[in-house]
Amino acid sequence: MSPPHDPSRSLHEPTDIMNTNPAIRWIIADRQRLQTVVTLLVLITMIIVFSFFNQRFLTLANFQNVARNTAPLIISASAMTMVMIARGLDLSVGSVLAAASVVAATLAVHGVPLPIAFAGALALGAVIGFANGAIIVKMRVSPIIVTLGALNIARGIAYLITPSAILVGLPRNWGSIGTSSLGPLPVPIVLAAIVVAVYAWVSRATKFGKHIYAVGGNEEAARLSGVNVERTLITLYVLSGVMAALAGLVLSTRVGSGDPNIGVGFELEVIAAVIIGGTSLSGGEGRIFGTVIGAVIVGVLSNGLNLSGVEPFWQYVAQGLVLITAVVVDKRVNEGVLRMGARA
C-alpha cells in the first residue's frame with residue numbers, strides 16, 4: 001500500500017527528485033560527478049554564446065587551435081590537481097615554465113643536441129620542485145610562501161641567463177614538439193593526452209594515488225596509517241616542476257624562441273583550471289577529468305574573447321570573474337549535496 005500523498009511536500013524538494021528521477025539521483029550521488037556535470041554545462045553554454053558572436057569560432061580549425069593552445073595548461077594543471085588534492089599549492093609553475101624555455105634554448109643555441117637540452121630543462125623543473133617540496137615538508141613552511149619565493153627565483157634565473165632578450169637562431173628541428181604532428185594529431189595534444197591518462201591512472205588505480213587523497217583528507221590520519229606523507233608531498237612538487245618545464249618546452253618550441261617573459265600569469269590560469277574543474281580547496285577531493293574541462297573553459301574563454309575583439313585587460317577581468325564564480329558554485333554545490341544528504 002502506497003503512503004498517502006502529502007500536499008505539503010513539493011516535487012521541487014530534493015528528496016522527491018532523488019526518488020523519482022534515476023538520472024538526477026545518479027548525478028548527485030557523487031559530489032565530484034555533479035561538479036563535472038555543472039562544469040560541462042558551463043562549457044557548452046560558453047561555446048553556444050561565442051558561436052553567436054563570431055562565425056569563425058565554431059569551426060574545426062579554431063577548435064584545433066584552442067586544443068593546441070590549451071595543451072601546456074592541461075599538462076601543468078594535471079600535476080597541480082594532485083598537489084592541491086594533497087592540500088598543497090605551487091605558485092612557481094609560470095616562472096619554471098619560462099626558466100625551462102630559456103635553459104633549453106640556450107643549450108640548443110650552443111650546439112647541445114636537442115634531447116639533452118630538453119632533458120636539462122626538465123631537470124631544472126625537477127630541482128626547483130624538489131626544493132619547494134623539501135622546504136615545505138622539512139621546515140613546515142606554508143606552500144604559498146615557499147612557491148611564491150620560487151616564482152621569483154625561477155624568473156630571475158631566466159633573466160640572468162638571457163637579460164631582456166629573446167633567444168633566436170635555434171636549430172631547424174627546434175619545433176619538433178610544438179609544431180609537428182603524429183598523424184592527424186599535433187604533438188602538444190598527444191603529450192597532453194598522455195599526461196592526463198597517466199595522472200588519471202595513478203590517481204585511481206595505484207597505491208600512490210590513494211596516498212595522495214589520504215594526505216589531503218587528513219594528513220595526521222594518513223601518517224598514522226603508515227603513509228609516508230613527506231615522500232608523497234615532495235614527489236608531487238617534483239612532478240609539478242617537471243610538468244611546468246614540459247609545458248614550457250611545448251610553448252617555446254611552438255613560438256620558435258626561448259623567452260624569459262613567457263608564462264607571466266600562467267600559474268593563475270593553472271589554478272583557475274583546477275578549481276573550475278572541481279578540485280576542492282580544502283584538499284582530499286578532485287579529478288583529472290574535471291581539470292581538463294576547466295582548462296578547456298579557460299582556453300575557450302580566452303579564444304572567444306580574442307575573436308570578439310575584447311582587449312587583453314578585460315580578458316583578465318573575465319578570467320577572474322569565472323574563477324570567483326567557480327568557487328561560489330563549488331561552495332553552493334557542496335551545501336546543496338549536504339542538505340540533500342541530510343533530508344534523504
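Keep in mind that the model is predicted.

Let's start with the core. The largest nonpolar core has 88 residues. Two residues have the most contacts inside it: W174 and M243. Which helix gives the most to this core? That is helix α11, residues 229–255, with 13 residues. As a general point, nonpolar side chains tend to be buried together in soluble globular proteins.

Now take M243 on its own. Set aside residues up to four places away in sequence, and M243 touches I75, S76, A79, V195 and Y199.

Next, helix α7. Look for A154 there. Is A154 buried or exposed? A154 has a relative accessible area of 1%, so it counts as buried, the cut-off being under 20%. What does A154 touch, beyond its neighbours within four places in sequence? The contacts are S95, V96, A99 and I128. Stay with I128 for a moment. A154 and I128 are 26 residues apart along the chain. Their C-alpha atoms are separated by 7.9 Å.

On to the backbone. Most residues other than glycine have a negative phi. Two arginines here call for a look.

One is R87. Its phi is positive, about 70°, and R87 is not a glycine. Where is R87? Find it in the loop between α4 (60–85) and α5 (93–109). With a relative accessible area of 49%, R87 is partly exposed.

The other is R140. Here phi is near 55°, again positive in a residue other than glycine. R140 sits in the loop between α6 (114–138) and α7 (143–161). Its relative accessibility is 56%. Exposed means over 50%, so R140 counts as exposed, whereas R87 at 49% is partly exposed.

Last stop, the cavity. How many cavities of 30 Å³ or more does the structure hold? One. The largest cavity contains about 30 Å³ of space. Its lining is made by I276, I297, V298, L301, Q319 and V322. Two elements give two or more residues to that lining: α13 (288–307) and α14 (312–343). Of these, α13 gives the most, with three residues.

To recap. The largest nonpolar core has 88 residues, with W174 and M243 making the most contacts inside it. R87 and R140 have positive phi values. The largest cavity is lined by residues that include I276 and Q319.

Conventions
Residues are numbered from 1 along each chain as its sequence is written. This is a predicted model: local features need pLDDT of at least 70, side-chain atom pairs count only at pLDDT 80 or more; totals for chains, interfaces and linings use all residues. Side-chain values use heavy atoms; hydrogens and water are left out. A nonpolar core is a set of buried Ala, Val, Leu, Ile, Met, Phe, Trp, Tyr and Cys residues joined through side-chain atoms within 4.5 Å. Buried means under 20% relative accessible area, exposed over 50%, partly exposed in between (1.4 Å probe, protein chains only). Helices (H or I, at least four residues) and strands (E, at least two) are DSSP runs, numbered from the N terminus. Contact means heavy atoms within 4.5 Å. On a 1 Å grid over the protein atoms alone, a cavity is a set of points where a 1.4 Å probe fits but cannot get out, and a pocket is an open set with protein on both sides within 12 Å along at least five of seven lines; lining residues have an atom within 4 Å of a point. Grid points are joined across faces, edges and corners, and a volume is the space filled by probe spheres set on the points.
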